[in-house]
Structures are given as structure tokens and as C-alpha cells.
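Work through the exercises below with the sequence and the model open. Each task is followed by a solution in steps.

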Amino acid sequence: MHHWLIPMWQPLLQGVRERRLGHALLIKGMAGLGKRELAGKLATALLCQHTNNAPCGMCHACELTAAGSHSDLHVVGREGRSIGIDAIRELGRIMSESARLGHGKVAIIERAELMTEAAANALLKTLEEPAGQATLILVSSQPERLLPTLTSRCQQWLVPLPDTHSALSWLNEQGVTATPAALSVNQGSPLQTLEYLQAGADDKRLTLLGELVSLGEAPAGLPQVQARLLEQPVHLVWVQLLLQDALQTALAVHAPLKLDDCREQSVRLARLGPIALHELGSELLELRRRLQPAQGRPMNAGLQLGQWLRRLQQALTHS
């Protein structure tokens, strides 16, 4: 188990052994913290035949859970873009049945925020009329998207972010060279940062932001920068963080930069002045919002971003 999960795991395990956990729990926290792993460990402890020493790792239930074949453990939401009402109704039916091994039933709903409204309402019925020793574990990185009537019926457990030092130490133990900036662009998530570094995305970020700030001297590079920014939504997040650092630099705010490995680029952008940086940042934030999936005809992302980049390029040329 990841070390940052242990402070959360210990009280959960104590609750299992003392039989004082509720029938519905919500494990929440940002993506990339190992909430799925924590939910799996909790399910193993709940199904263990030796509750006072759960999870013992030796009983038949623990062996079946480890093998992924326990008949009283059910997981939904691992695949697909949404969790529909049919899946939740079937889960409710299964949970209402008697446990096959006689030691309770456990259901895990991963990515619970993907439930449709109809599915969430169907789940409410299951929560209002819990069956026997059935335990429902919801896992969510966006709990604010869940119905309040749903979350109010759950014991809520927030998985906190590890501190920067321990997160960087863990990442270095995984064989990657991690920096505070790499952790920052992944919102402090160690697992997301590991995946990001292993994919070589950090080098891509540094190259892209360097090219962006050089548009004043190399205007011909604008189409290439524009194309790269459109590849993934997170690329615009990188630019947003750089603009925030530049504004902080322009205002002479003495605080750590989000992207401390792009200090040179921040200083170059800071020459635009706080008013221009604020306007560019606000425009980019609105652009990112409008690029989110929405009903109706989608905006021309390339056109809108191109206009924003030309404004930035013009500002850089005259700074």
C-alpha cells in the first residue's frame, strides 16, 4: 500500500475490526492517489472470515479476494464513459441477495461521479433499504458531481495529498527524476506524476512552453505551437500555470513558483506587465472553459486559440 494511504487505512481497518463502519462509504480525493487500491483493501477486510484480525490473508475469503474470484465482491464503473441505471439496478438486486459465503457482501462503485442522474436515484433506494451485511463503497475523484442526497447517506473519507517532500521521495524510488514542477502540473498526485514522467511528458512541457515564450522572436512557429496546444487539454493548463507564475513575478510576490523549472520563461513573460498578464490569463481561462464538452455546436477551437496566440505574440514582440 502506498505510504500516504496508511493514515486513512488504519482508522478504516479499526472500524472493520470493531464492526462500526456504516453500510455506505464514500472514499474521495483527487485522481491519482490510489483510492481504488484503498477500496479494494477495505473490501478484503470486510469479507475476511476473521473479522477481529482482518484481513488475515489466510482464510478462504481472503484467498478468493486475492484471486479476484470472490462471489460476494462486485465492482462496477471500471469501464465506460458513464454508469447507467441498468448497472445500478442489477447491483441493487445482487446486494439484496444472501451472501454466498455467509460473511456479508461488498460492492465497489468506481468513478461514482459517472453515474447518470437516473442511476444515482436508483442507488438511493439501495442505500435507504440496506440489506443485511451488505456494504457499498463509492470511490470518486469528483464528489461534487454526486447527488447531495447520495453523499449525505455515506460515511465520507477524504484521501489527502501527500506532502511534496514525501511525494518526490516516493517518485525517485520508482526510478524517475521528479521535480516540484512535475508534481505541481499534476496537482500533487504522485501516481499521475509517475505516469506523466514515464510518458516523457515533462520534456514535452518544457519544450512547448519554451516555444510559446519565443513566439515574439520566432513568429513562424505559431502554427506548430497552436497544434501542440490543441493535442491535449492539459497543455493549456501548463500555459495557465506559466502565466500565473509570470504574474506573480511581475507583482514581485515572494512565493514559490508553480513551475520553478521555467523561471526564465516566467521572467520573460513578466515584462508584459501585470495588466496584460491578467487579461491573457482570464482570456485563456475562458477559452479552456468554452473548450469543455457542451451541448450544441462546438466552438472552432483552432480559430479561438489562434486569435489568443496572436495577441500573446504581439504583446511579446512589443515588450
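Contact means heavy atoms within 4.5 Å. The model is predicted, so local features need pLDDT of at least 70 and side-chain atom pairs count only at pLDDT 80 or more, while totals for chains, interfaces and linings use all residues. Residues are numbered from 1 along each chain as its sequence is written, and side-chain values use heavy atoms, with hydrogens and water left out.

**Exercise 1. Where is D72 found, and what does D72 touch?**

Solution. Step one is the location: D72 is in the loop between helix 3 and strand 2 (73–76). Helices (H or I, at least four residues) and strands (E, at least two) are DSSP runs, numbered from the N terminus. Step two is accessibility. Buried means under 20% relative accessible area, exposed means over 50%, and partly exposed lies in between (1.4 Å probe, protein chains only). D72 counts as buried because its relative accessibility is 0%. Step three is the list of neighbours: leaving aside residues up to four places away in sequence, D72 touches L47, A99, R100, L101, G102, G104, K105 and V106.

**Exercise 2. Describe the overall make-up of the chain.**

Solution. Start with the secondary structure, which comes to 15 helices and five strands. Next, take the extent: along the principal axes, the C-alpha atoms fill a box of roughly 75 × 45 × 30 Å. Then take burial: 46% of the 319 residues count as buried. Finally, of the contacts with a separation of 6 or more, 70% are between residues 24 or more positions apart.

**Exercise 3. At what angle do helix 10 and helix 11 pack, and which residues make the contact?**

Solution. First, the geometry: helix 10 (residues 201–213) and helix 11 (residues 222–229) pack at about 140°, their axes being 10 Å apart. Axes are lines fitted to C-alpha atoms, for helices over the stretch in contact, and angles run from 0 to 180 degrees between N-to-C directions. The angle therefore makes helix 10 oblique to helix 11. Angles under 35 degrees count as roughly parallel, over 145 as roughly antiparallel, 65 to 115 as roughly perpendicular, and the rest as oblique.

Second, the residues: helix 10 contributes T207, L208, E211 and L212, and helix 11 contributes Q224, V225, R228 and L229.

**Exercise 4. Which residues have the most contacts inside the largest nonpolar core?**

Solution. A nonpolar core is a set of buried Ala, Val, Leu, Ile, Met, Phe, Trp, Tyr and Cys residues joined through side-chain atoms within 4.5 Å. The largest has 73 residues, and those with the most contacts inside it are L42, I137, L212, L269, W308 and L309. As a worked case, L309 touches L212, L215, L222, V225, Q226 and L229, not counting residues up to four places away in sequence. A second, separate core has 24 residues, including A24, M115, L127 and L138.
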